[in-house]
Amino acid sequence: MTYLVTDNCIKCKNMDCVEVCPVDCFYEGENFLVINPDECIDCGVCEPECGPGAILADSALGAEAEKWHNINMKYSLIWPVITEKGEAPADADEWDGVPNKYDSGLMSELPGKGT
Ligand code: SF4
Ligand code: F3S
């Protein structure tokens, strides 16, 4: 089991999750974060930190689990680690709850700055 970052983080990215992770397994893209599934120790402390509710256990994702596992794994291997909260996007609240952001092509593949 692992926790995964899912669709509602895209363009919301408030980064309240990163500072609580005991193993520093969050990785930063330009407008999205991912968890490295092999590094996550399933402690669950990040899940309630995410106001948009984007962090879920893979076991709670049903048919979507494989998709989000693959996305988290792929980008955690190419984006920089992030351990310190940065500034959330100014329009984050406007994107909270917008459905299907990944499938609409709204996730940037560019890396973030990392910390
Ligand atoms: Fe880090 Fe724990 Fe969240 Fe996994 S569940 S990403 S180890 S805080
Ligand atoms: Fe994204 Fe939630 Fe973290 S919006 S950056 S997973 S706190």
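Does Met 15 count as buried or exposed, and how many C-beta neighbours does Met 15 have inside 10 Å? Met 15 counts as buried, because 21 C-beta neighbours fall inside 10 Å; the scale used here calls a residue buried if 20 or more other C-beta atoms lie within 10 Å of its own, exposed if 12 or fewer, and partly exposed in between, with C-beta atoms placed from the backbone.

This is a predicted model, in which local features need pLDDT of at least 70 and side-chain atom pairs count only at pLDDT 80 or more, whereas totals for chains, interfaces and linings use all residues. Residues are numbered from 1 along each chain as its sequence is written, and chains are lettered from A and ligands numbered from 1 in the order in which they are written.

**The loop between E1 and E2**

Met 15 has its place in the loop between E1 and E2, where helices (H or I, at least four residues) and strands (E, at least two) are DSSP runs numbered from the N terminus. Although Met 15 is not a glycine, its phi is positive, at about 65°. Lys 11 is also placed in the loop between E1 and E2, and Lys 11, again not a glycine, has a positive phi of about 65°. Lys 11 counts as buried, with 21 C-beta neighbours inside 10 Å.

Asp 91 belongs to the loop between H1 and helix H2 (92-95) and is exposed, with 10 other C-beta atoms within 10 Å.

**Helix H1**

Helix H1 covers residues 65-76, and its 12 residues, at 1.5 Å a residue, should span 16 Å, which agrees with the 16 Å between its end C-alpha atoms; the expected span is 1.5 Å times one less than the number of residues. The buried residues in H1 are Trp 68, Asn 72, Tyr 75 and Ser 76. They cover an arc of only 105° around the axis, so they sit on the same side of H1, the arc being that of the directions from the helix axis to the C-beta atoms. On the face turned away from this buried side, H1 carries the exposed residues Glu 66, Asn 70 and Lys 74. The cover over the buried residues of H1 includes strand E1 (3-5), strand E2 (26-28) and strand E3 (33-35).

His 69, also in helix H1, is partly exposed, with 16 other C-beta atoms within 10 Å. Leaving aside neighbours within four places in sequence, His 69 is in contact with Leu 4, Pro 37 and Asp 58, a contact meaning that the C-beta atoms of two residues, placed from the backbone, lie within 7 Å.

**The nonpolar core**

The largest nonpolar core has 27 residues, and those with the most contacts inside it are Val 5, Cys 17, Phe 26, Leu 33, Val 34 and Ile 35; such a core is a set of buried Ala, Val, Leu, Ile, Met, Phe, Trp, Tyr and Cys residues joined through C-beta atoms within 7 Å. The elements that give two or more residues to this core are E1, E2, E3 and H1. Not counting residues up to four places away in sequence, Cys 17 touches Phe 26, Leu 33, Cys 46, Glu 49, Cys 50 and Ile 55.

Met 1 is placed in the segment before E1 and is exposed, with 10 other C-beta atoms within 10 Å. Beyond four places in sequence, Met 1 is in contact with Asp 42, Ala 57, Asp 58 and Ser 59. Of these, Ala 57 lies in strand E4 (residues 55-57) and is partly exposed, with 15 other C-beta atoms within 10 Å.

The table sets out C-alpha separations for several residue pairs.

| Pair | Apart in sequence | C-alpha to C-alpha |
|---|---|---|
| Ala 57 and Met 1 | 56 residues | 7.2 Å |
| His 69 and Glu 94 | 25 residues | 26 Å |
| Met 1 and Pro 80 | 79 residues | 23 Å |

**The ligand shells**

Around ligand 1 there are 13 residues, of which Tyr 3, Cys 21, Cys 40, Cys 43 and Cys 46 come nearest; a residue is near a molecule if its C-beta atom, placed from the backbone, lies within 6 Å of it. This shell divides into 11 nonpolar residues, one polar and one charged, where Ala, Val, Leu, Ile, Met, Phe, Trp, Tyr, Cys and Pro count as nonpolar, Asp, Glu, Lys and Arg as charged, and the others, Gly among them, as polar. Ligand 2 is surrounded by 14 residues, and the closest are Cys 9, Asp 16, Cys 17, Leu 33 and Cys 50. By class, the shell around ligand 2 has 10 nonpolar, one polar and three charged residues.
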